[in-house]
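Good morning, colleagues. Please take a moment to look at the sequence and the structure on the screen, and I shall then describe the chain as a whole before turning to two of its residues.

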Amino acid sequence: MADIFDNTILCRKCNAKMNKTELVKNGFVLRVIVCPKCGSKIIHPTDEQEYNKFIKLKNKEFRVKMRLVGNSYAVSIPKEIVSFIREQEKIMDNMVRLCFEDFGRLSLNFGKGINENLNEIHIHKKLRE
């Protein structure tokens, strides 16, 4: 299927040819076109839709059970979160990183950390230039 961003897009305000770029928002890479004259921006509709799904999930609070399994505790992760991560990453490792961040606060990291992803994005961007 053809992508709308593969075509030349003219700015509605000043009729100038818009340039492709990327915007990183909350660790999410969004494809964007920007007008060099007036600075108008258009976010790729698919990327914007996925970002909105992410924000909706991020703002949702889940109540999950913690169970004793052998000498460890297990916490169930809701299917909609795992499905979203798999959809974004395409491949998800079975191993995750668990960090004890603060009193009463744990974090699970699937795949690479945010800083590693941002560095990878900048490297890919430089390679394409």
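Asn26 counts as partly exposed because its relative accessibility is 46%; buried means under 20% relative accessible area, exposed over 50%, and partly exposed in between, with a 1.4 Å probe and protein chains only.

A word on the source. This is a predicted model, in which local features need pLDDT of at least 70, side-chain atom pairs count only at pLDDT 80 or more, and totals for chains, interfaces and linings use all residues. Residues are numbered from 1 along each chain as its sequence is written, and side-chain values use heavy atoms, with hydrogens and water left out.

The chain has 3 helices and 7 strands. Helices (H or I, at least four residues) and strands (E, at least two) are DSSP runs, numbered from the N terminus. Along the sequence, their order is β-β-β-α-β-β-α-β-β-α.

Of the 129 residues in the chain, 19% are buried. The accessible surface is about 10900 Å², and carbon and sulfur atoms account for 53% of that; these areas come from the Shrake-Rupley method with a 1.4 Å probe, and for residues only the protein chains shown count as cover.

I return to Asn26, which lies in the loop between β1 and β2 (28–34). Its phi is positive, near 55°. Most residues other than glycine have a negative phi.

Where is Asn15 found? Asn15 belongs to the segment before β1 (19–25), and its phi is also positive, near 65°. Asn15 counts as exposed because its relative accessibility is 55%.
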